[in-house]
Amino acid sequence: MSNCLLLSGAAIGGIIGGALALLLIVILIWYISTFNKLKRIKNVVDEGWATMDVQLKKRYDLIPNLVETVKGYAKHESTTLEAVITARNLAMTATGDAKMAAENMLTGTLKSLFALQEAYPDLKANANFMDLQRQLQSVETEIASARRYYNGTVKEYNSQIDYFFTGMVARRMRLEKRNYFELDSEEERKAPSVKF
């Protein structure tokens, strides 16, 4: 009889040990899966930022050509031209959240650059200026698309970090929430009017 009790106790101990081992394996598989999911989402966010950075580089490359074209027609508008170049240089060198603010400032100075065409009808008729303006508008559309993609990936990333269990893994990975690439002011949210 005591052998039966010992066998039963050993069997129960084996079952409990097996259940604990199975539970540990499930937890380990979940942890690895969650870790990999967070890494993938982080990489998608980084890729979204890199895509936007490429579009911003295109914009930076167009701006000097635009400024040079405008210089020929608007010699006494040096304050506006200097503001655009300063904003461009600041945006090119900024990083992180400062880059977002610098990009918003650059967008504002570009609006003032395009406003000059109203004061200079010959500039409006210049084929080079019009071509550069079309290229810049195309790049601005691509930047807006890249911004939407980036913000969408940041939303998913931040949501995963906010979830209870994945948040525990994210904290162990030292992942922090990312900021959205947003416009700073209500004025910048208004659509600019472009007249030809």
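Start by selecting Phe165, which you will find in helix H6. As you look around, keep in mind that this is a predicted model. Is Phe165 buried or exposed? With a relative accessibility of 51%, Phe165 counts as exposed, because the cut-off for that word is over 50%.

**Next stop: the partner of Phe165**

The structure holds four aromatic pairs. One of them joins Trp30 and Phe165 in an edge-to-face arrangement, with 6.2 Å from centre to centre and 85° between the planes. Trp30 sits in helix H1 while Phe165 belongs to helix H6, so this pair ties together parts of the chain that are 135 residues apart in sequence. Trp30 has a relative accessibility of 35% and so counts as partly exposed.

**Widen the view: a nonpolar patch**

Together they form a nonpolar patch on the surface, with about 900 Å² of accessible area. Two elements, helix H1 (2-73) and H6, each give two or more residues to this patch. Which element gives the most? That is H1, with six residues.

**Across to a loop: Asn179**

Now go to Asn179, in the loop between helix H6 (164-172) and helix H7 (186-189). Asn179 is partly exposed, with a relative accessible area of 40%. Show the side chains around this residue. Which residues does Asn179 touch, leaving aside its neighbours within four places in sequence? They are Asp97, Met100, Tyr150 and Val154. Zoom in on Asp97 in particular: its side chain makes a polar contact with the side chain of Asn179, at 2.6 Å. Then select Asn151, which is 28 residues from Asn179 in sequence and 8.4 Å from Asn179 in space, C-alpha to C-alpha.

**Zoom out: the whole chain**

Finish with a cartoon view. Of the 196 residues in the chain, 34% are buried. The chain exposes about 12100 Å², and carbon and sulfur atoms supply 61% of that area. For contacts between residues at least 6 apart in sequence, 76% join residues at least 24 apart. The Trp30 and Phe165 pair, where you began, ties together parts 135 residues apart.

Key:
Residues numbered from 1 in each chain as written. Predicted model: local features only at pLDDT ≥ 70, side-chain atom pairs only at ≥ 80, totals over all residues. Heavy atoms only, no water. Helix = DSSP H or I, 4+ residues; strand = E, 2+ residues; numbered from the N terminus. Buried < 20%, exposed > 50% of the residue type's maximum accessible area, 1.4 Å probe, protein only. Contact = heavy atoms within 4.5 Å. Polar contact = N/O pair within 3.5 Å; in protein donor to acceptor, adjacent residues only side chain to side chain. Patch = residues over 30% accessible without salt bridge, like charges linked within 9 Å, V, L, I, M, F, W, Y side chains within 5 Å. Areas by Shrake-Rupley, 256 points an atom, 1.4 Å probe, with all protein chains shown as cover. Salt bridge = Lys/Arg side-chain N within 4 Å of Asp/Glu carboxyl O. Phe/Tyr/Trp six-rings, centres within 6.5 Å; stacked < 30°, edge-to-face > 60°.
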